[in-house]
Amino acid sequence: IENPNGTTVESKALFGRAVKQFNNMISLESHRRALTLPSAGLENGSLITNDVTDEKFIVVATFKEVIENMLASIVGHMLLCNSTIQVVEIVKTAVNEYGDLATNKVVKYNSINCYTQTLTANLRQQDMGLFLDSEFLIYAPYFDLNVLDQLTLISGNKQVPLKVIYSDYI
C-alpha cells in the first residue's frame, strides 16, 4: 500500500468485487473492495498493488469497521488503474547576461497510476456538475500541479495531451 503521505506499507488484504450500491454508473468490473488491517493505514488516494494478480488500484473511499468499541479493519472502495499520467514542467532558465531565457521541459512525475473514465452523455445527465469541456474523469493520487504543467494521459498505446480545467483534492 502506497499512502498519499509517502509511506509504503506491506500488508495482507482481502479483495472482493464491490457491490452495485456503491455506484451503478460505472461498470462493476473495475470496482473492488479491500479489507485491510488497521495498521496498514489505508486512506483515500492510496495505491494498492495486488501481488497475486499484478493489478494496481486507487482507493476512492474508506470506512472503519468497529466491533465492540475496537477498530477491527479498514475497508476501502477501489478502482482498477487502467492508465497512467505523465506530468512535464516547463522550466525557464537564463541563458546569458542579457536576460534571454531558454525554455526546457522537465519530467516532474512519470507513470502515475490512475483510473480514467471517458465522459459520456449518460454521465453528464447523472452528474450535472461536470464541465461541458471535460472529456475524462480521472481518479489519481495527490500530486502537486502548477498552472503551466503539461499532462499526458497514457492508456495502452494511446497518448492524449490534457489540459486541467478542474481538480478536486479530496
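Biologist: What share of the contacts in the protein chain between residues at least 6 apart in sequence joins residues at least 24 apart?
Modeller: The share is 52%, where contact means heavy atoms within 4.5 Å. The model is predicted, so local features need pLDDT of at least 70 and side-chain atom pairs count only at pLDDT 80 or more, while totals for chains, interfaces and linings use all residues. Residues are numbered from 1 along each chain as its sequence is written, and side-chain values use heavy atoms, with hydrogens and water left out.

Biologist: How do you know where confidence is lowest and where it is highest in the protein chain?
Modeller: By pLDDT, the predictor's confidence in each residue from 0 to 100. Helix 1 (residues 121-126) has the lowest mean, 63, and strand 9 (residues 150-155) the highest, 92. For the protein chain the mean is 83, with 83% of its residues at 70 or more.

Biologist: What makes up the secondary structure of the protein chain?
Modeller: There are 1 helix and 10 strands, in the order β-β-β-β-β-β-β-α-β-β-β along the sequence. Helices (H or I, at least four residues) and strands (E, at least two) are DSSP runs, numbered from the N terminus.

Biologist: Why is A140 called partly exposed?
Modeller: Buried means under 20% relative accessible area and exposed over 50%, with partly exposed in between (1.4 Å probe, protein chains only). A140 has 30%, and is therefore partly exposed. By the buried cut-off, 29% of the 170 residues of the protein chain count as buried.

Biologist: Where does A140 lie, and what is it in contact with beyond its neighbours within four places in sequence?
Modeller: A140 is in the loop between strand 8 (136-139) and strand 9. Its contacts, leaving those neighbours aside, are I58, I85, N113 and C114. T84 is 56 residues from A140 in sequence, and their C-alpha atoms are 8.9 Å apart.

Biologist: Why do D54 and N69 count as exposed?
Modeller: D54 has a relative accessibility of 65% and N69 has 78%, so each is exposed by the cut-off already given. D54 sits in the loop between strand 3 and strand 4, and N69 in the loop between strand 4 and strand 5.

Biologist: What is the phi of D54, and what is that of N69?
Modeller: Phi of D54 is near 60°, and that of N69 is about 60°. Both values are positive, and neither residue is a glycine. Most residues other than glycine have a negative phi.

Biologist: Which residues form the largest nonpolar core?
Modeller: A nonpolar core is a set of buried Ala, Val, Leu, Ile, Met, Phe, Trp, Tyr and Cys residues joined through side-chain atoms within 4.5 Å. The largest has 9 residues: I1, A34, A40, L42, I48, F57, V59, I74 and M78. Strand 4 (55-67) and strand 5 (70-80) each supply at least two residues of this core. Apart from it lies another core of 8 residues, including I85, I112, L151 and L153.

Biologist: What is F57 in contact with, leaving aside its neighbours within four places in sequence?
Modeller: Its contacts are F15, R32, S46, L47, I48, N50, M78, L79, L80 and C81.
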